[in-house]
Amino acid sequence: MSTDQTVVTRFAPSPSGHLHVGGARTALYNWAFARKHGGRFILRIEDTDRKRSSDQAGLAFLDDLRWLGIDWDEGPEHDGCGGGETGPYHQSQRLEIYQRFIDQLIKQGRAYPAFETPEEIDAARERARQEKRNYRYDRAALQLDAATVQQYLDEGRPHVIRFRMPDDREITVNDQVLGEVTKSSNEYEDFVIRKADGYPTYHFAVVVDDALMNVTHVIRAQEHLNNTHRHLMLQEALGFPHPTYAHLSVVANPNGSKMSKRDKDKALRAAVLERQIASPPQIGDGLAVREEEWSWWMEDPDRQLETDAANALAEVLDVQLPEINVDDFRRSGYLPEVLINYLALLGWNPGGDIEKFDAAFLCEHFALDRVIKSPARFDREKLLAFNLDALQEMPENDFAARLRHHAERYHPAFLDKLGEEDFATFAAANQSRSKTLDDCFRSDRFFVMDDDQITYEVNKSVRKALVNGEPNGITHLEGLLHALRDLKTWDSESIEAAVKQYTDEHADGKLGKVAQPLRIAVTGGTVSPAIFDTLKILGRESTLARIERCLLQKDEITQPVS
RNA sequence: GCCCCGUUCGUCUAGAGGCCCAGGACGCCAGGUUCUCAUCCUGGUAACAGGGGUUCGAAUCCCCUACGGGGUGCCA
């Protein structure tokens, strides 16, 4: 138990690609707790499952953490963070360390080799299930005499090392969020602490690493609550101090189901099935998904596409993937400070009616006793509302800079096409109508299209804007063509003056009567930024070309629709 | 099956025995502003899971039930 020592927390994910929002919240709380107490925050990679680990995948969430503004004092070196005295911080590089403690436990008689194969254990487990018994390892290996054990070991028989769980002990976890949770040691079997491949199991590695890295507070997901009793016994046997524990409830989907990366595949598979797509669609000059992967993926609802393939497929199918990972929210145009605020609030609050706060506030006020016990559903609507507020409050220059960054990463075509000055106008024209940094790129595609690529929507509101009234929209377009062609300077103010003058003279000053026809002519639809800015960015040439093109197609565009 | 945890408006939550016929935020509904979309403004809707206790008094304490979640891996 920590008394007067420095607070040390850690975030210890397994390297499975991008950072999940649930994991992000765990990391955030650990980080904030350490900062609040002037302590240290460690990042550790739990890569003891050889089947699931690859170096490549481990890196992505480091960027995600940094993007959120979370830094770590010890851990893998990345982007100015990490390093430290108690490494290495990849568990796969700490095998000798674990072995030392395994040997110690064996010497103490607290651990022993067991030679059953996984198949044998599975069969025994299955038998127990059918007989409606609770399965627990029967300690058969303890019946082997020393000579036999030695002989097996000499033969090099595959084996695991199991921890000898004490009998008839009441084990109490004093959880900082949930209170005291007591269980009997008899609920637990002699669990495996070293796998047949020589790697430690999670239970063993966490206990050893937390102790060696001087971790004082373990803040982790509630799924580990029942593991903690095991860890307490391990710590006792190894002579380690017990850290303070706090278990966090899960972050769930709006429907209450667990938020999972599989949700993306689910959305994609549904779209594929609904549209009866039989083979991987084309994207650019390749396929969105490789042929072999496609059938493999379609056959089994549990299988998941690689991130790149999933994103590519979503793009061609024009499916909006549910955001699950921090990176998804980044792509969708959420601000990191907003995500942090929302995530922090999902399971903790400073009390009273305070909802909006920044990371500094979190670091100053975060406390375990205000962490909520019950699971929280992730509400995208509220996140979106927070993002909107943040965007609207932002100084114009900041918004423009953020938008530019976002464009560089996700929509470079806008930068190429618009250039410095027009991009600035584009940003200014879009701030007040943006809920995310991505909104305008999706809704304003007409800016980066060639004039002759514009297709006109044929629907009621388009028809209404073009044919209703006397004079009607088509007539206004013809008039505006002249008014705009002769404009001396092409900027928002001049355009506005000219259009307003036209409106006063020909439409009783009702701007809507001329703005909508104009909007349709240059964008193909009824939605765009303020019309004067839109025309300014488009340029005189494109504006006139599009109006002319619209007039040429007026009969098709205005045909009656049911 | 067994064990553990949880349960306030649709959602996130405030609430630590009287301040609560329950407050805020998001959503939703109704009206208003606006060149479209989005904003913005005004108003409104809506909850203590159920049942027993304890107490002068319970959303707050105790018990039971129901429901939700987690664990029961040579995954973490």
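Trainee: Is phenylalanine 357 buried or exposed?

Mentor: Buried means under 20% relative accessible area, exposed over 50%, and partly exposed in between (1.4 Å probe, protein chains only). Phenylalanine 357 has a relative accessible area of 9%, so this residue is buried. A word on the source: this is a predicted model, where local features need pLDDT of at least 70 and side-chain atom pairs count only at pLDDT 80 or more, while totals for chains, interfaces and linings use all residues. Residues are numbered from 1 along each chain as its sequence is written, and side-chain values use heavy atoms, leaving out hydrogens and water.

Trainee: How many aromatic pairs does the structure hold?

Mentor: Rings of Phe, Tyr and Trp (its six-membered ring) pair if their centres lie within 6.5 Å; planes under 30 degrees apart count as stacked, over 60 as edge-to-face and the rest as tilted. There are 18 such pairs here. One of them joins tyrosine 29 and phenylalanine 366, tilted, with 4.9 Å centre to centre and 35 degrees between the planes.

Trainee: Which parts does that pair tie together?

Mentor: Tyrosine 29 lies in helix α1 (residues 21–36) and phenylalanine 366 in the loop between α13 (359–365) and β15 (376–377), so the pair ties together parts 337 residues apart in sequence. Helices (H or I, at least four residues) and strands (E, at least two) are DSSP runs, numbered from the N terminus. Tyrosine 29 is buried, at 0% relative accessibility, and phenylalanine 366 is buried at 0% too. Back at phenylalanine 357, its ring is stacked with phenylalanine 361, at 5.3 Å centre to centre and 25 degrees between the planes.

Definitions and conventions: Chains lettered and ligands numbered in written order.
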